[in-house]
Amino acid sequence: MPSVREVARAIGARVLGDEHTEIRGIASIASATSGDLVFIEDEKRLQEALESRAAAVLTEKAPQLSAHKPLLIVARPRLAFARAAEILKPGSKNTEGRGIHPSVVVLPTAQVAETATVDPWTFVGDRAAIGHRTWIGAGCVIGEGVSIGEDCKIYPRVTIYPGTRIGNRAIVHAGAVLGSDGFGYVRDPENGRHVKFPQIGTLEIEDDVEIGANTAIDRGALEVTRIGRGTKIDNLVHIGHNCQIGENVILAAQVGFSGSVVVENNAVIGGQVGVGEHARIQEGVLLGGQAGVLPKKVLRGKGVAFWGTPAKPLREYLKSLAALAKLGRRE
Amino acid sequence: MPSVREVARAIGARVLGDEHTEIRGIASIASATSGDLVFIEDEKRLQEALESRAAAVLTEKAPQLSAHKPLLIVARPRLAFARAAEILKPGSKNTEGRGIHPSVVVLPTAQVAETATVDPWTFVGDRAAIGHRTWIGAGCVIGEGVSIGEDCKIYPRVTIYPGTRIGNRAIVHAGAVLGSDGFGYVRDPENGRHVKFPQIGTLEIEDDVEIGANTAIDRGALEVTRIGRGTKIDNLVHIGHNCQIGENVILAAQVGFSGSVVVENNAVIGGQVGVGEHARIQEGVLLGGQAGVLPKKVLRGKGVAFWGTPAKPLREYLKSLAALAKLGRRE
Amino acid sequence: MPSVREVARAIGARVLGDEHTEIRGIASIASATSGDLVFIEDEKRLQEALESRAAAVLTEKAPQLSAHKPLLIVARPRLAFARAAEILKPGSKNTEGRGIHPSVVVLPTAQVAETATVDPWTFVGDRAAIGHRTWIGAGCVIGEGVSIGEDCKIYPRVTIYPGTRIGNRAIVHAGAVLGSDGFGYVRDPENGRHVKFPQIGTLEIEDDVEIGANTAIDRGALEVTRIGRGTKIDNLVHIGHNCQIGENVILAAQVGFSGSVVVENNAVIGGQVGVGEHARIQEGVLLGGQAGVLPKKVLRGKGVAFWGTPAKPLREYLKSLAALAKLGRRE
């Protein structure tokens, strides 16, 4: 168990009080038991934190009066808490290198690193590669030629279609489907039938991406669908073929992207947003929940928020909503 | 096969006609074959029901004239039909206590009741507990320390993350993911990266909850996500971390809740509704399909309907829509 | 490897240039390597296509000047390209008739065609039938009495509930759930609890249907849910009980249908559209993304577009939006 001093050093905090107190884990103030580290972002909650069962408190400002628990003083307590959690949270057995369960089918040309763990009833196809310390949960299907980097966590029942490439430290939650066929057809005017357009491109997922439960990401039709480094995707999101998602993008739950959507770095997309094909969300744009973006539309402006369907700059949209409400009252 | 008399007694109905007719199953009027019980809610359909191949008819009012089929008279025919179905519907083999299929992996510290059924290729983790007469379908993953009560039906390919607790008589449909990580990050301003906030809370699902296919419910970040007794959740719903859903709540398909949403008892949430974090839907509120609720918003009023984004009282919203339509026509 | 002449004959194209050039595959202009067939829909891209590494170009019009690559001239290049892909795309090993993997559980009364392929850890229930040349991926659950036709591709981890019937040449992507219980309850006014209404109908999926990843389609309550011939359904779509979907319908990602919705032939439904119960979308109607259709509403008109919630004819809705924007600017 690390001491307050060790945790403080790891997260760059200054200590007030007993540096030798041992820290066992992390918790919220309400759920803390002895040994837990808690954090506050609002000084008003300091008293509550001190009265809790927590062993130590992360906070931005040192209090006027002395505290009977050790305090870790740091500029961004929430960020520091997240970092402390990396050291302190209950050890996962996932990455302990349990090896390959005897029930797993690994085709002869696949390469699984010695330190990887593959749980029961997972299929690893021809020429697939799984990197060091990566964990593949039970019941996954790793298609032909799929490449998964190091230190990844692939939760149970994830299906990865052939040819998909995943970087290092990716986390993919249960039930996600990666690299499925895009939705593309050509209507035959003679009989009204939809002829399947070839969906033979690939999907590339860069380092440090996290993908939520039951999310589906299609591979490119002829080209590549790409998810940039550090992008985080919530549950039940749909990403169509040929989309190009930048780095450190946030996609909240149930977002849906048609084909060939471009999202630049650092954009933040709210829950249930829908984006039409070939639209472009430029760097740092914020899209409010349930907003809808028309095909080919370009939204621009770092830190500029858009909302509504069709999405407008937030200020403009709020004015319209206010005008509409006033109008309704007059009826 | 039970007789009309036995069915009537079980559902509290009065019988007109032959009490000894045997009832084999339930059906709609259109699909009924001999031996089936059907129901009508509208007296106008009585003639049609009598002319069908059904063996007996559930109805609210006794007809003026005599009928050539036995009638079961009951105050709420639809409710009575649903109850009769419990006795009459095609027997499920699920709960017959087939035991544990030889392919199943049950870790040594797990406890599976003798009368439970566990189908092929299901994984039962350390210290997991599965109650009496519960059925676990093929290809499920029951994580470490998960507890599942009695008489539950867990359909195939459900993933339950470690620590999740499920009460009695729960039904979970195929592909659902329970207890996955919430979507929480802290942005590091120095490099723009999103550091994962710890997601180490749990998920508690109380008795008599039903959960639809491919629905995803996240566990709490530091606390508990809770789904109250008797709540029914449709397909492809997303419930974020720390949500507190009350009892007998209805969540239609594709609803999405951000983190820390509170829904009180008996609320009814329409399909594709989205709710922002820390919003509160008070007891008995009705939310129309596709409505959107802003973060921290409180909606109140038993039986009061809200609609639109941002959600307004239905009456007010309809007035705005009417005004807007009028305005459009004037353009 | 087929020659330009053979490909041209198969798709009904006229050849300009060397008919003996061999064609290895298909590609986009940007990704083409030697041996690939590419297509253009816009004459302006011809030069680019000719300068690419492609072996031959599909185009509508013969150019004025001579080209140094063989050209395949055809009325609809995109459609012709899709058809050429059927012959040329990387051969799938799926339908090679690998037979039944030894880990598969096939109950004794099930019938699997000799030429079918069933991958590891798939369960085939009592009286299920799987047709010739059909591929069932790893980890699927084929319930009791399910019937799957010929030449189908069922990707990994699909769950098919008992009694579902699927025609020929269907494609079902990973994680889809077919035939799950509908969402139907009867509220007991005495205690506020929701009693499950019987969900004992079936699901019928006709020939040539494609179903996206993690989509969920419920079976009928007492009747049949039907998906018509040639209809294409994208990822994460929800279709409730008793829906009747016509032929050659397009349902984009994340569409949600309540119970008993009727969609007639050739309708096109945009992403994230929600439709209330018993609504009817008549033949050839187009519904814009995120539109919402009220319960029991009828939308009519071949080729007529609707948008918004509640959905209005597009022209009318755009006028309202314009009026609203003007109003907002005046505030």
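In what order do the 12 strands of the open sheet in chain C lie, and what kind of pairing do they show?

Guide: The model is a predicted one, in which local features need pLDDT of at least 70 and side-chain atom pairs count only at pLDDT 80 or more, while totals for chains, interfaces and linings use all residues. Residues are numbered from 1 along each chain as its sequence is written, and chains are lettered from A and ligands numbered from 1 in the order in which they are written.

The open sheet of chain C has the strand order 6-9-12-15-18-23-26-29-32-35-38-39, and its pairing is mixed. Strands (E, at least two residues) and helices (H or I, at least four) are DSSP runs, numbered from the N terminus; two strands pair if DSSP finds at least two bridges between them. Strand 6 (99–100) and strand 39 (312–313) of chain C each have a single partner strand, so one side of each of these edge strands lacks a neighbour in the sheet. Within the sheet, strand 9 (residues 117–118) and strand 12 (residues 135–136) of chain C run parallel and are joined by two bridges. T117(C) has W135(C), in strand 12 of chain C, as its bridge partner.

Chain C also meets chain B, in a contact that takes 43 residues from chain C and 45 residues from chain B (two residues are in contact if their C-beta atoms, placed from the backbone, lie within 7 Å). On the side of chain B that touches chain C, helix 3 (77–88) and helix 4 (314–330) of chain B are the elements that give two or more residues. Helix 3 of chain B gives the most, with five residues. This side of chain B divides into 20 nonpolar, 18 polar and seven charged residues; Ala, Val, Leu, Ile, Met, Phe, Trp, Tyr, Cys and Pro count as nonpolar, Asp, Glu, Lys and Arg as charged, and the others, Gly among them, as polar.

A rotation of 120° with 0.0 Å of shift along its axis superposes chain B on chain A, at an RMSD of 0.1 Å. That is the relation of a three-fold axis.

Definitions and conventions:
Least-squares fit on C-alpha atoms with pLDDT ≥ 70 in both.
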